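Hello,

Here is the structure for your files. My notes on it follow below.

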Amino acid sequence: VAQHSIAQLLDMLQIQRYVLSEVAKVFLLVFLGTTLIMSVCVGVSQGVKLGLPLRVARRLLPSVISESLRMTVPFSILFGVCSVFGRISSDGEMTAIKTLGIHPGTIFLPPIWFAIVLSFGTFGMYEVCARWARPAVQRILVETCDEVAYGALQAEGAQHRAVVRAP
């Protein structure tokens, strides 16, 4: 009986490591993709649309990335957990886990702890980044206010010319 319990424990630990590694893989992939899309594509393109020169928008990129972390980390971990457990459920692996005599709730613990650690880490990182990101944005905009004003005037002039030419 003692060997059977040790075998179950080893099986449980192996399954927990597998689930955690799968959640971490999906999390990293989704996190990198959403952060890239939110910061580079959306952040820089919105800055350019508002009349910021591309050089100024690129300088603001670290601040945009730090602001986007508060949305991308929770979304990525939620997507990772749902994706992995959905696949485990659809592949019938939950039935196999129950057959081994392992309680299905035990495989949820590592992703839950992973999400808790990420949540506190993200909160701490956001608090630190917010302290330097907002003043950095203001400093960059003040340093480049002539370029920003000139870019905004050019963007407004282009819109005005487009309206005047339209029949």
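Ile116 counts as partly exposed because its relative accessibility is 33%; buried means under 20% relative accessible area, exposed over 50%, and partly exposed in between (1.4 Å probe, protein chains only). This is a predicted model, in which local features need pLDDT of at least 70 and side-chain atom pairs count only at pLDDT 80 or more, while totals for chains, interfaces and linings use all residues. Residues are numbered from 1 along each chain as its sequence is written, and side-chain values use heavy atoms, with hydrogens and water left out.

Ile116 sits in helix 5 (residues 109-143); helices are DSSP runs of H or I, at least four residues, numbered from the N terminus.

Gln16, in helix 1 (residues 2-49), is buried because its relative accessibility is 13%. Leaving aside residues up to four places away in sequence, Gln16 touches Thr106, Ile107 and Pro110 (contact: heavy atoms within 4.5 Å).

The whole structure has six salt bridges, each a side-chain nitrogen of Lys or Arg within 4 Å of a carboxyl oxygen of Asp or Glu. Arg87 pairs with Asp91, with the closest N and O atoms 3.3 Å apart, and also with Glu93, again at 3.3 Å. Arg87 is partly exposed at 28%, as are Asp91 at 48% and Glu93 at 25%.

Another salt bridge links Glu143 to Arg139, at 3.3 Å between the closest N and O atoms. Both residues lie in helix 5, four residues apart, about one turn of the helix. Shared partners join Arg59, Arg139 and Glu143 into one salt-bridge network.

Regards

Methods. Helices (H or I, at least four residues) and strands (E, at least two) are DSSP runs, numbered from the N terminus.
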